[in-house]
Amino acid sequence: MLGSKTDPRDLYIAQVVAGKTFVDVGDLWGMVNEKVTVAAKAGAARTAMLDITPLDRPLWQAFRERRASRGVSDCQLLSASIDEPGLERRVGQFDVVHCSGVLYRCPNPLHTLSQLARISRVLTSILVLLPASWMIFSCVTTVGLAKVYQLRYIHSRLQLEALVQQIPAHTLPRDTVLAPVHLEENSVSRVGTFAWAGTLDRLLFGVFEISWSATPACQVVYARPDLRVITTHRWANGLHFTGFHDSSERCEPGDVEIELEGQPVCSSRLLAFTYQDQKVILANPLILAYPDGRRIEVALPLAVSLVQSGVPGSPLEIHWRAAP
Ligand SMILES: C[S@@+](CC[C@H](N)C(=O)[O-])C[C@H]1O[C@@H](n2cnc3c(N)ncnc32)[C@H](O)[C@@H]1O
């Protein structure tokens, strides 16, 4: 047998694969965890590697070399996404399907799981993550995890849709900075499908909780590459201001400059908002609260005009923190 004598996946594959067809889904990257050579050495009747990587990429050549070094010549090479509709018609079905390190990259893990089932001749032969005695636990956990991911994804979509619907692109001047403040982020915990969903949800960040997801997401839904989002996640207890200047050379006359999480923004460019009960509520005004009890009310001109046109607005407070 080739493969680790202690890796439970290798042991499981060795137990079940002899005389069976085997496909390894998404195992090209890194070339250290691929199971095609393990299955071939354990007597698989036929093996295949299915990965989203295009066939002309060096990873496939590295895979050929790895197989050659292990004396495994035959293997069907399939360049496809596991999420592709009708995949089972293109690639057929396999007795044993191995897939690890892929689900968390897929936008809809429940769909991906059902795709894995479609290319599997017998549903129970899907080997997602861990086999043997951990198998049942692993399947339940994986489905649960996929469910929480899906709910998180739906919640993020609702937030984005509410934003675009209530505040259409033409109302945002060039280089507007969006600042989500204290967004309602507990949709998954509320559903309570799984007892531990709330705990898991706390570990997953929504689209508006990480700048590198929030900014591109807003740029895409608004089709506006000039938009920027300054954000922070729940663990940081909401968005903070880290500086305030009555006037600034960077801003227009009459503007104030607020530093949010260390990033300077002119008040005329800023739109701060919260999200509750599927509605976006604009900060109108934005209140800067210092630790010594001082509070500064900042009128954000964009919010003022949007509120006049009917978008909900309410005073919204953010707290001071030393610059990061
Ligand atoms: C993080 S690597 C995991 C590699 C390996 N399975 C492991 O656990 O170390 C993800 C692999 O899945 C592939 N992949 C990502 N999305 C995929 C998809 N939708 N369909 C098929 N393969 C995918 C990537 O090309 C890459 O080879």
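E261 is partly exposed, with 18 other C-beta atoms within 10 Å; partly exposed lies between buried (20 or more other C-beta atoms within 10 Å of a residue's own) and exposed (12 or fewer), with C-beta atoms placed from the backbone. E261 sits in the loop between β9 (257–260) and β10 (263–266), and has a positive phi of about 50° although it is not a glycine. Helices (H or I, at least four residues) and strands (E, at least two) are DSSP runs, numbered from the N terminus.

This is a predicted model, in which local features need pLDDT of at least 70, side-chain atom pairs count only at pLDDT 80 or more, and totals for chains, interfaces and linings use all residues. Residues are numbered from 1 along each chain as its sequence is written.

D175 is also not a glycine and has a positive phi of about 65°. D175 belongs to the loop between α6 (135–166) and β6 (177–180). D175 counts as exposed because it has 12 C-beta neighbours inside 10 Å.

## Helix α10

L302, A303 and L306 are buried in helix α10 (residues 301–308). They lie on the same side of α10 because they cover an arc of only 95° around the axis, the arc being that of the directions from the helix axis to the C-beta atoms. The face turned away from this buried side carries the exposed residues S305 and Q308.

Just after α10, G310 takes a positive phi of about 110°.

## A cis peptide bond

Most peptide bonds are trans. The bond from N284 to P285 is cis, with omega near 0°, and P285 lies in strand β12.
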